[in-house]
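Here are my notes after going through the model you sent.

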Amino acid sequence: MSANVRINYREALRQGLREALLRDERVFLMGEDVGRYGGSYAVSKGLLEEFGEERIRDTPLSESAFVGAGIGAALNGMRPIVEVMTVNFSLLALDQIMNNAATLRHMSGGQLNVPVVIRMTTGAGRQLAAQHSHSLEGWYAHIPGLRIVTPATLEDARGMLFTALQDPDPVLIFEHASLLNVEGEIAAEPQPVDIDYAAVRRQGTDLSLITYGGSLMKTLQAAAKLAEDGVSSDVIDLRSLRPLDDATIIASIAKTHRALIVDEAWKSGGLSAEITARIMEQAFYELDAPVSRVCGAEVPVPYAKHLEDAAIPQVDGIIAAARKLVK
Amino acid sequence: MYEFKMPSLGADMEDGTFTEWHVEPGQNVARGEVICVVETQKGAVEVEIWEAGVLAKLIASPGQKIPVGQVMALVATAGEDWKAIAARAPSPPPPPGGEPRAGTPARTASQQPAAVTDSGAPPPPSERVKVSPAARRRAEELGIDLASVKPSGAHCAISMADVEIAAAATKPPDRQAGMRDAIAAAMSRSKREIPHYYLASEINVESAIAWLEKRNAAVPISERVLFAAMQLKAVACALRETPELNGFYQGGAFRPAAGMHLGVAVSLRGGGLVAPALHDVDKLTLADLMAGLKDLLRRARSGQLRSSEMSDPTITVTNLGDLGVDTVFGVIYPPQVALVGIGRSTVKPWVTGATIVPARIVHATLSADHRISDGMRGARFLVELDRLLQLPESLS
């Protein structure tokens, strides 16, 4: 076993990028400010100096153009990593992502596949207001032809990228902005991680807390507090939003008979609604209480700190909903 | 109108848990008919009714703990209209665990319209009871009626935990522990209150057994009679000579019994014992006595005794011969005043005249209440028992 090191999520992402660039010369990174500026969240800082302009490419401010360029490069045998600054801006490239990346394998009868990886920041909590703070990964999870992953731990932040690059089809990686400074211990030597399965981050018997991404830490904190009151929870980190790992969710509910979904995105037509429906379809007779949700308020994410806090799931809210569920 | 009450199924019984009705309102009942089942410390007992009539109103409901003497049903006797009685009757008390009924039930409730009271079933709930899918499934697995489950979970719906609590509550009480307590109470009282005296006799049963063997050889196996049955008959007949051994000591006075209802001590699998009555044993033929004994043993061991059998044995007979015991020194079961113990029959040298012959011998013992009888009378009983066993044909 290699020794552990203490790093943060941002550094883990950077190590993942370095690892990918070192291991496969077809891999290159492109996006707004990824080179000279070091990335708008400083994730790619230092990579330009190490790998040069050919592989760390600054692009013009045109999401549609550079995501399309990435798709073209992937079609031509490269393994591009495209960074989109935030999920809100990715909407400018939605045509490329949905109409090209997600559909070309289907429309070409399997002749053309698009091994592109698109990374983007998602979520609220940094007072960046309504045009930089939404959680739209659930929308992308709606689209067949895409794989959607959400690293919520240091291991996944470092390891998911390389695994995603091995996928012959497009993979979207959603990195939650509030996690960038989260620190922790991690093995110094990178370990391979899968992008197929949900992970049970905490074992319990009374209820299943189902979450992902930026809400995982809050949910784990809530579970720890609930445990002090004798409420023992499974905490499921979905990791992959498309495909969803139904088996892990259903197995947990078969044990606990109660489910609470924590998702920073909106409820209406969202991922939490999809999970709820799957539980109804596959585990109705296991349920001892209605499925419950703690989700983002159905408003554009506010700028003001107290309003922003109130608009997204917080530890106290998760605890209150959980208590109500097990009462 | 006759009020059918919780019977006393033994001197130590204070209450019983009502289990089920075998009858419905409007049904004719005959004297001696089993109409319900009550759970006691000694097991489930089928309770007979001693008044003929038409069942008007069932008051007791399953699961209810009912004190001895409390009315469980109303019966219309000759010439009465059962529906009128049912209409006047109070509605059933709330099921166990329910909220106490406000006000005094009997008088106020009697003004309720007939429609509400003519069946024992509660009115249909006005609102659908919410049950979680998992709780519904669990209730099915456990055989729990959801109507008996009280919701406590989130959203006021019945949860799995509620079902499991209800299931635990409907589990039969720990009969073994209850029975041990009952035996302890009765035997402590016996040794505390009853001045026992003990007598023992060796009885030559050679001719009785030889007679019985000859009788049994002539009939199919199903009609064969055990020596134990013959002993019971002999005890019952011998009691004619000494009525002060057969009856009850209650309220400082002895009340001799009208019949020879022998309580037959039966040890139960899993521990404990009961001594239900065989009625009028002195008047039964050996064949009927044997059939009655078989039936009683079977029902005692499967917990299906009747109330009359539990409540009225007039003397107890304990036979431990099968277990190899020579002599039984019994403890009287109050309020009875005597217990006859019978040991095993063994072949021993027996002096008759000037010769010694091998003969089958049993030790018969008597434990008796010295407040009622003296050793002289007790001795007379044992002598009479011996005499009767030498005349087996008289016991047929």
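**Notes on the model**

1. Let me start with a loop residue. B:Ile332 sits in the loop between strand 17 (315-319) and strand 18 (338-342) of chain B. Keep in mind throughout that this is a predicted model. Is B:Ile332 buried or exposed? With 23 other C-beta atoms within 10 Å, against a cut-off of 20 or more, B:Ile332 counts as buried.

2. What surrounds B:Ile332, once its neighbours within four places in sequence are left aside? The contacts are B:Ser190, B:Ile194, B:His196, B:Val337, B:Ala338, B:Leu339, B:Ser367 and B:Asp369. Take B:Ser367 from that list: it is 35 residues from B:Ile332 along the chain, yet their C-alpha atoms are separated by 6.7 Å.

3. Now the chain B overview. I'd note 11 helices and 20 strands in chain B, with buried residues making up 36% of its 396 residues. For contacts in chain B between residues at least 6 apart in sequence, 64% join residues at least 24 apart.

4. Strand 19 pairs with strand 20 (residues 355-369) of chain B in the antiparallel sense, over 7 bridges. The two strands make a hairpin with 2 residues between them, and B:Thr352 stands opposite B:Thr355 in strand 20 of chain B. In the turn, B:Gly353 has a positive phi of about 65°.

5. At the other end of chain B's strand numbering, 4 strands form an open antiparallel sheet in the order 1-8-6-3. Strand 1 (2-5) and strand 3 (28-29) of chain B are at the edges with a single partner strand each, so one side of each lacks a neighbour in the sheet. Within this sheet, strand 6 (residues 53-58) and strand 8 (residues 71-76) of chain B run antiparallel and are joined by 4 bridges. B:Leu58, for instance, has B:Ala73 in strand 8 of chain B as its bridge partner.

6. How do the chains meet? There are 10 residues of chain B in contact with 11 residues of chain A. On the chain B side, helix 4 (residues 133-142) gives the most, with 4 residues. That side of chain B divides into 5 nonpolar, 4 polar and 1 charged.

7. The buried residues in helix 13 of chain A are A:Ile318, A:Ile319, A:Ala322, A:Leu325 and A:Val326. They cover an arc of only 125° around the axis, which puts them on the same side of helix 13 of chain A. These buried residues pack against strand 10 (207-211), helix 9 (216-228), strand 11 (233-237), strand 13 (259-266) and strand 14 (292-296) of chain A.

8. Helix 9 of chain A has 13 residues, which should span 18 Å at 1.5 Å a residue; the end C-alpha atoms are 19 Å apart, which agrees. Buried in helix 9 of chain A are A:Leu216, A:Lys218, A:Thr219, A:Leu220, A:Ala222, A:Ala223 and A:Leu226. The buried residues of helix 9 pack against strand 9 (199-202), strand 10, strand 11, strand 13 and helix 13 of chain A. Just after helix 9 of chain A comes A:Gly230, with a positive phi of about 85°.

Note on methods:
Residues are numbered from 1 along each chain as its sequence is written. Chains are lettered from A and ligands numbered from 1 in the order in which they are written. This is a predicted model: local features need pLDDT of at least 70, side-chain atom pairs count only at pLDDT 80 or more; totals for chains, interfaces and linings use all residues. Two strands pair if DSSP finds at least two bridges between them. Two residues are in contact if their C-beta atoms, placed from the backbone, lie within 7 Å. Ala, Val, Leu, Ile, Met, Phe, Trp, Tyr, Cys and Pro count as nonpolar, Asp, Glu, Lys and Arg as charged, and the others, Gly among them, as polar. A residue is buried if 20 or more other C-beta atoms lie within 10 Å of its own, exposed if 12 or fewer, and partly exposed in between; C-beta atoms are placed from the backbone. The arc is that of the directions from the helix axis to the C-beta atoms. The expected span of a helix is 1.5 Å times one less than its number of residues.
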